Amino acid sequence: MGAGWVIFVSLLYLVILFLIAIYGHRLAKSGKSIVNNPYVYALSMTVYCTVWTFYGSVGRATQTGLGFVAVYLGPAVLAPVWYMLMRKIIMISKQLRITSVADFISSRYGKSTFLGILTTVILIFGIIPYISIQLKAIGISFDLITQSDAKNTFWDSSSFYRDKVNYFTILLALFTILFGTRSLDPNERHEGLIAAIAFESIVKLIAFLTAGIFVVYFVFDGMADIFSKAATNPKTSELLTLSSTDMAKSNWFWVLILSAISMMFLPRQFHVTVVENTNISYVRQASWLFPLYLFLICIFVLPIALGGLLILPSTAEPDMFVLSLPMHFGQGWLALLVYIGGFSAAASMVVVSVISLSIMVSNNLLMPLLLKTRTATIDGYALLSERLLYIRRVVIVVIMFLAFGFYKSVSSSFPIVSIGLISFAAILQLAPAIIGGLFWSRANVKGASAGLSAGFFIWFICLPLPTLSEAGILSSTIIDQGYFGMELLKPYALFGLQNVDSISNACIWSMIFNIGLFVIVSLVTTQEVDELAQADIYVNIEKYSTIPDIEVLKKVASVQKLKQLLVRYLGAHKARSLLKDFKGKLSSSNDDQASQDFIHYTEQVLTGAFGAASAKLLLSDDIRQQNISLEQLHEIINQTKEILEYSHALENKTEELTQTTNELAALNQRLTELDEMKAEFISTVTHELRTPITTIRSFSQLMKTKENMDPAQKSEFLSIILKECDRVARLISQVLEVEKLETVSKIDEGSCHLHTVTTLAIKRLQPIADEKNAALIYESHHEDLYVPLSEDKFLQVLLNLLSNALKFCDHENGIVKLSVTRNTVNKTILISIYNNGQHIPDDYKNRIFEKFTQVKDGNLAKPDGSGLGLYITKKFVEQGQGKIYFFSNQQAGTTFTVEFG
Amino acid sequence: MIKKKILIVDDEPNIVLALRVLLEDQGYDIEYCYDGTSALEKLVTFSPDLVLLDVMMPGVDGYTVAKNIRNHQNAEHTNIIFLTAKGTKDDKMEGYDSGAEYYIVKPFDNDDILEKVRELL
C-alpha cells in the first residue's frame, strides 16, 4: 500500500475525530449532549486499551499463552472494588473540583504543593515510556503496511526528517493541543474529546474483532480448528498448556494488582472516569460494560497469536501479528482497517494522557513554582488564564518531544508489554497515598510524601533506569553487578530477592518502602489543621452534601478583593458568569467583608481552574487566614462544646424559670383575690352583724327611755329584738360553719332517714309559707330511703333550699314543691325543690353557689339572709358525696335538685 | 309651729321602724323609703328638711343620693345625716365630701340621733 495513501488515511481519520469532537462540543453547548449517557461514559473508559491491547497482547500471548489476560483480569475481577472506590473518588472530586490525580492527592494532604509536584513528576516519568510505545507501534504498523510500496524509500528513518514517527509525533501534538487547549474550563470538561474517544473505541473494537474473525473463520475453520492445529504444532503446543501460563505466581499477582490500580489511577483513566464524569450513577453501568468490552476485545487475542505462529515466518514481529496476518493474505482493506484501529488506539491514548499531564504540569508543577517565586510579574499578567493555556501548549510539545526521545533511545528495543508494565509500576506508587487517604484519616502529608518519594525512588532504580542500561545508554554492569557494584543493589534482584521477575521485584520493594514509610511517618507525625479538614472530607465524603466551611479558620477578605481575583485570573466574562452563579448572599458594597460562603466559592472556582495547591497560593495573599495549632483547635472545640452545653442548660433553666414565674404570678393573683375576698367577707360579715345589732340596740333603748310605751308596741318591739337575736346567732353559726368548711373538707359519714327530715323541714317552714300565702307541697313515693348525710346537715340543706324557694316564689300565687324521685337504673336519689317565681338571672347563674352572692328580688328592699346559705348547702351536699344543680328559666320556673348516688 | 320633715332612707326595715318610732314621738313629720331611687322621688314630693341616709343600699347608694340632694335646686338647704355600718375614716371623709352634716356609725345611740337632729333643725 502506498505510503502516501496511508498517510492520507491517517490524517483523514484524525480530521474525522476532530470533527466529531467539534460536533460533540457544539451539541453539549446547546444542551443536547450526546456524551452524557452511561454508554459513552463506559466507552470512554476503554481508552485503557491502547496499542498494548491492540498489538502488544498478541505479542505477549506468543510467549505466555493465556498469561496475557492478566492485564485485563485485574480490572474485570476487581470491578466491585473499583465501583466502590470510584464512587467515593468521584464524589470528592466533584465537591472539591478536582481536575487531575495530582490534584486529588495534593488536595487530600492539606493542598500540599510538594505532593502535587512529586505526583506530577512520577507521572511524567511513568507515562512518557507509555506514550513512546504508542509512537513505536504507529511507526512499526506504518512500516508494515507500506512495506509493499516499492516507492517507499523516503520514509526510511535515515534522518530526522525522514522519520515518520517524528511527523506523527508532531501531528499528535498538534491534535492534542487542538483537542485540549481551546478554552479554560474550571471543571476541565472536554465534551467533544469524549465524543471522539467513544467513537475511536468503537473503531478499535471493530477493527480488532474483524481481524480476529478473519483469522479464525477465514484463514482457519473456526476456533476448534485453530486450537487443534496449535496443539499439534510444536511451536504453539506449549502455549496451550497451563505450564506456559504458569508465570511465577508473583508475576500473576502483581500484574493483576498493577492493572487494577492503573485502571483507576492512570492519568487518562482518572481523567475520563472522574474528571469528565457527568453523572455518578453512570459508574454502576460502567462497572459491567467496561469488563464486557475487555472480554470482547480479548476473545481473539490467543487465536491470532496462534495463527501468527502457525502461519507467519518466525522473523515476523509477534506484536504485529494482527496486522501482518491480513497483509500476508493480501487483504489490503482489512489491513488498512487494522492499521487505523491501532492508530486510533494510539492516538486516543496520547491525546488524553498528554492533556491530563499538561493539566497536572501547569496546575501542580508550574503554577505553584511561579507563584512561590512570586514577584510583581504575576500582577502584571492581566489574564493569567490566557497565559495558562499557552503554558499547557508548551507542556504538550515538551512531553511529546520527551516521549519521542524515549522511543528513539529505548522503546524500540523492548516489547510493548514490558514497557507498559514499567509504567503501571510507576502508577502503583500512587496507590497507598490515594487509597490510604480515602480511608485512613491519620494519613498525613509527611507520611504520603515519604512513602511516595521512597516508592518512586525504588521504582526508578529498579525499572526505567536499568532499561537504559539494557539499551546501552548506561553501563550494562548495573544489571549484573548492581549499582555502584553492590550486590544488594542489583535492580532486578534488589536486596538479594531472587527468582522473581523484574516487575515483581520492583513492585515488592517499592511497596514495602512506600507503604511502610507512609504508615510509620503518618503515625509518628501530627497533622496540620488544614489537613485534618481535608482528611475528614475525603474519608467521610458521604456525610457531606456540601462541603462545610471550617468556621475556625476564619477567612477575612473584602468582596472587592475577591472579585478582582476572579477577574484577574479567569477573565472578566467568566468572572461575571461565575458571580451570577453564586447563589449565596453577595454584599453589594465592595468594601464589605465577604461572607464565608463567597470566600469558599471563590476558592472552589479557582481550584477548578488551577488546582487546589495553586488556588490556595493565589488566595493566600488576599485572604488573611489565622493559622491555629491543633491544641488551639481542640481547645476551641471543647470550649464550644461547653458553651453549647451551658446554653442548653441555660435554656432549660430559663424555661423552668418562666414556668415558675408564671405559676407564682398566678398564685399571687389568687392570693390577692383571696385576700380581697377575705376582706370583703369580713366587711360583709361585720356589716351583716352590725345591722341586727343596731336594730336590737335601737329598740331596746326606745323601750328603756319610753316610759309609757304601748304594750302592743312593746310586744312588737320585743319580738323584733328576739328575731334579730336569732338572726345574729344564725349568722354567727353560718360564718363558723363556713370557716369549718374552708379548712377541712371531709366526707360526712352519717346518714339519715329521708322522709323524717323532709317532713320536719316542711313543718318548720309551713308558717312562713302561710305568711306569704304560698303553697308548700311535699311529694314523695319513697318513704324508706336513706340519705348519706347526717341529719342536721341534711335538714339545713332542705331548710335553706326551701326558704330560698319561698323567698323567691311568686308573690301572688306562690308555689313551692318538694319532690323525691329515684332513678331506677342507677338508683340515684333525686330531691327537687321547685318554685314558680322569677327565674334566676343569667348573670347570677355562675355565682349562685358562691359566698355572699344573693339574688336581688325585685320587691324586697334587701334580701333576707347572709348570702352564705347556698354556699353551705353545696358544701354539705358534697360532703355527702352528692351533687347539687339547678334549672331556671322564664317558662319553667326554678328547680334546685340534690342528687345522692 | 310647722312640723319639721324628716326623710328616713334605709334598706333594713327594722331600722327604719326604730327611727320612725323614735322621731315621730318627738313630733317630727316622717317619711320613709327603703332604697335610693325612691328617696330621690320622695325628695321632690316630700321636700324634707332633713334626710337620714343609709350608705349601703342596693341600686343607688347613699353617697349618690346625697350628691343629688346637694345639686338639686330646691334642696340646698336640706340637711343630711349619714347612718351606716361602714365606719372607716375614708368612709367618713367620703361622707362629708358628699355633703353630709353628720356621719353616724351603726349601731347608734338614740339620744345621739335626737341631739343631732335637734341641732340641725
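Q: At roughly what angle do the axes of helix α6 and helix α7 of chain A cross, and is α6(A) roughly parallel or roughly antiparallel to α7(A)?
A: In this predicted model, helix α6 (residues 101-108) and helix α7 (residues 113-146) of chain A have axes that come within 8 Å. The axes cross at roughly 150°. Angles over 145 degrees count as roughly antiparallel, so α6(A) is, relative to α7(A), roughly antiparallel.

Q: Into which classes do the residues of the contact of α6(A) with α7(A) divide?
A: Helix α6(A) contributes A:V101, A:A102, A:D103, A:I105 and A:S106. From α7(A) come A:L115, A:G116, A:T119, A:T120 and A:L123. The residues of this contact divide into 5 nonpolar, 4 polar and 1 charged.

Q: Which are the edge strands of the open sheet of 5 strands in chain A?
A: The sheet has mixed pairing and the order β4-β6-β7-β9-β8. An edge strand pairs on one side only. The edge strands of chain A are β4 (775-780) and β8 (882-889).

Q: Which residue in β7(A) stands opposite A:L818?
A: Strand β6 (residues 815-822) and strand β7 (residues 829-835) of chain A pair in the antiparallel sense over 7 bridges. Opposite A:L818 stands, in β7(A), A:I833.

Q: Which helix of chain B gives the most to the side that touches chain A?
A: In total, 18 residues of chain B are in contact with 19 residues of chain A. The chain B side comprises 11 nonpolar, 2 polar and 5 charged residues. The most, 7 residues, is given by helix α1 (residues 13-25) of chain B.

Key. Residues numbered from 1 in each chain as written. Chains lettered and ligands numbered in written order. Predicted model: local features only at pLDDT ≥ 70, side-chain atom pairs only at ≥ 80, totals over all residues. Contact = placed C-beta atoms within 7 Å. Helix = DSSP H or I, 4+ residues; strand = E, 2+ residues; numbered from the N terminus. Nonpolar A, V, L, I, M, F, W, Y, C, P; charged D, E, K, R; others polar. Axes fitted to C-alpha atoms, helices over the stretch in contact; angles between N-to-C directions. Parallel < 35°, antiparallel > 145°, perpendicular 65-115°, else oblique. Pairing = 2+ DSSP bridges.
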